[in-house]
Amino acid sequence: MAPEHRSLLMRANRLMGANLVETNLVKLEDLEKANERLLEVAASDLPRQSTVLGILAFELKVLREEDVLQHVVDNEGVGLVDLRNYDITDDVKKSLDLGACWATWSVPFDREEDFHFIATAYYLSPAVRTFWEKQCNGPVLWFGTTLENIADHLEKIEAERTVTPAAAKPAS
């Protein structure tokens, strides 16, 4: 992971964890354990596992991801999106910084006029929202989604990008 993405990943996770504690979704002791584990995972450069939310929900089992999404819907007015059912335009796909997407557990998935649509599992992290609002340089409409939905979507885009240009061209 590039140094700027690693810094973003750590900041996004730190603030995500702090807000999970602040909103009483997890206990501080559990967050401390998850943060220790996150440092181990991040050092091994495994983007799909580099998430304090995932560690809390799936390894430590002290939080349900659905509870976080419900909290965001109820308290932040954010809608939900399932990216598996959304066809993203090629220009949006091509412009994605996948490292930033992995670091923030977020992915821009559409644009209508000046509005940018971003799906995220990390809405509760102010670092994530600030980063993408600066990147988009325009109004952002936020949508909550699961870690799995983000990861599957990013892996699909990565797979599409690894297709060689020669294999992508039709035979003449």
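**First stop: helix 7**

Select helix 7; its buried residues are Ala-127, Val-128, Phe-131, Trp-132 and Cys-136. Seen down the axis of helix 7, these buried residues fall within an arc of 150 degrees, so they line one face of the helix. The arc is taken from the directions that lead from the helix axis to the C-beta atoms. Buried means under 20% relative accessible area, exposed means over 50%, and partly exposed lies in between, with a 1.4 Å probe and protein chains only. Helices (H or I, at least four residues) and strands (E, at least two) are DSSP runs, numbered from the N terminus.

This is a predicted model, in which local features need pLDDT of at least 70 and side-chain atom pairs count only at pLDDT 80 or more, while totals for chains, interfaces and linings use all residues. Residues are numbered from 1 along each chain as its sequence is written, and side-chain values use heavy atoms, with hydrogens and water left out.

Next, display the surroundings of helix 7. Its buried residues pack against helix 1, helix 6 (98–104), strand 2 (106–112), strand 3 (115–120) and strand 4. Contact means heavy atoms within 4.5 Å. Then move to Asn-137, which follows helix 7 and has a positive phi, near 55 degrees.

Axes are lines fitted to C-alpha atoms, for helices over the stretch in contact, and angles run from 0 to 180 degrees between N-to-C directions. Angles under 35 degrees count as roughly parallel, over 145 as roughly antiparallel, 65 to 115 as roughly perpendicular and the rest as oblique.

Which residues of helix 1 and helix 7 meet? From helix 1 come Leu-8, Arg-11, Ala-12, Leu-15 and Asn-19, and from helix 7 come Pro-126, Ala-127, Val-128 and Phe-131. By class, this contact of helix 1 with helix 7 has seven nonpolar, one polar and one charged residues. Here Ala, Val, Leu, Ile, Met, Phe, Trp, Tyr, Cys and Pro count as nonpolar, Asp, Glu, Lys and Arg as charged, and the others, Gly among them, as polar.

Now select helix 1 together with helix 3. They pack at an angle of about 50 degrees, with their axes 8 Å apart; helix 1 and helix 3 are therefore oblique to each other. Asn-13, Met-16, Gly-17 and Leu-20 in helix 1 meet Val-52, Leu-53 and Leu-56 in helix 3. The residues of this contact of helix 1 with helix 3 comprise five nonpolar, two polar and no charged.

Select helix 2 (residues 28–43) and colour Asp-30, Leu-31, Ala-34, Leu-38, Val-41 and Ala-42, which are buried. Seen down the axis of helix 2, its buried residues fall within an arc of 100 degrees, so they line one face of the helix. The face turned away from this buried side carries the exposed residues Glu-36, Glu-40 and Ala-43. The buried residues of helix 2 pack against helix 1 and helix 3. Just after helix 2, Asp-45 takes a positive phi of about 55 degrees.

Select helix 4 (residues 65–76), where Glu-65, Val-68, Leu-69, His-71 and Val-72 are the buried residues. Down the axis of helix 4, its buried residues fall within an arc of 155 degrees, so they line one face of the helix. They pack against helix 1 (3–22), helix 3 (52–59), strand 1 (79–80), strand 4 (140–144) and helix 8 (147–161). Gly-77 follows helix 4 and has a positive phi, near 70 degrees.

**Last stop: two loop residues**

Is Lys-61 buried or exposed? At 65% relative accessibility, Lys-61 counts as exposed. Lys-61 is placed in the loop between helix 3 and helix 4, and its phi is near 55 degrees, a positive value in a residue other than glycine.

Finally, select Trp-105 in the loop between helix 6 and strand 2. Trp-105 is buried, with a relative accessible area of 1%. Its phi is near 50 degrees, a positive value in a residue other than glycine.
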